[in-house]
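This report describes one protein chain, from its overall fold to selected residues. The sequence and the structure are shown first.

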Amino acid sequence: MLGIYDDITEQREADMALRRANRALRTLSAGNETLVRATDESGLLREMCRVIVDLGGYRVALVAYGGGEGAPARLQASHGIKEADLAGLEAAAFLDGGKDV
């Protein structure tokens, strides 16, 4: 019996890196298109979050503005997370004035 063994680890890793790069470029392109077509800030933020999740492959995207002077940040837009789950994020560091949780 004759067998041939090829180690395709490097090829597989290169393929995965190429897929990640292509996904990043598609996301960047869609983000640029979103920026150009935006008519208002809140719509821009919502659409950017959608692009990051739907095209970028991330589970969740959030935008929050800092409250300043230790005040909690204010959530401006999100995608990939249910509204009910957002309430539980108020204890998270980014919504708790930057303090460690």
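## Overall fold

Along the sequence, the protein chain follows the pattern α-α-β-β-α. Its secondary structure comes to 3 helices and 2 strands, where helices (H or I, at least four residues) and strands (E, at least two) are DSSP runs numbered from the N terminus. The model is predicted: local features need pLDDT of at least 70, side-chain atom pairs count only at pLDDT 80 or more, and totals for chains, interfaces and linings use all residues. Residues are numbered from 1 along each chain as its sequence is written, and side-chain values use heavy atoms, with hydrogens and water left out.

Of the 101 residues in the protein chain, 16% are buried; buried means under 20% relative accessible area, exposed over 50%, and partly exposed in between (1.4 Å probe, protein chains only). Among contacts (heavy atoms within 4.5 Å) between residues at least 6 apart in sequence, 32% join residues at least 24 apart.

## Packing of helix 1 and helix 2

Helix 1 (residues 9–37) and helix 2 pack at an angle of about 165 degrees, and their axes are 10 Å apart. Axes are lines fitted to C-alpha atoms, for helices over the stretch in contact, and angles run from 0 to 180 degrees between N-to-C directions. Helix 1 and helix 2 are therefore roughly antiparallel to each other, a term for angles over 145 degrees, whereas those under 35 count as roughly parallel, 65 to 115 as roughly perpendicular and the rest as oblique.

Helix 1 contributes Thr27, Ala30, Gly31, Thr34 and Leu35 to the contact, and helix 2 contributes Leu44, Glu47, Met48, Val51 and Ile52. These residues divide into 6 nonpolar, 3 polar and 1 charged, with Ala, Val, Leu, Ile, Met, Phe, Trp, Tyr, Cys and Pro counted as nonpolar, Asp, Glu, Lys and Arg as charged, and the others, Gly among them, as polar. Thr27, in helix 1, has 15% relative accessibility and so counts as buried. Beyond its neighbours within four places in sequence, Thr27 is in contact with Val51, Ile52, Leu55 and Gly56.

## The nonpolar core

The largest nonpolar core has 5 residues in all: Leu45, Cys49, Val53, Ala61 and Ala77. Such a core is a set of buried Ala, Val, Leu, Ile, Met, Phe, Trp, Tyr and Cys residues joined through side-chain atoms within 4.5 Å. Helix 2 gives the most to this core, with 3 residues. In soluble globular proteins, nonpolar side chains tend to be buried together.

Cys49 is found in helix 2 (residues 41–54) and counts as buried because its relative accessibility is 2%. Leaving out residues up to four places away in sequence, Cys49 touches Ala61, Leu62, Val63, Ala77, Ser78 and His79. Cys49 and Val63 are 14 residues apart in sequence and 7.7 Å apart in space, C-alpha to C-alpha. With neighbours within four places in sequence set aside, Leu45 is in contact with Val63, Tyr65, Gln76 and Ala77.

## Tyr65 in strand 1

Tyr65 lies in strand 1 (residues 61–65). With a relative accessible area of 30%, Tyr65 is partly exposed. Not counting residues up to four places away in sequence, Tyr65 touches Glu41, Leu45, Ala73, Arg74 and Gln76. The C-alpha atoms of Tyr65 and Gln76 are 6.9 Å apart in space, with the two residues 11 apart in sequence.
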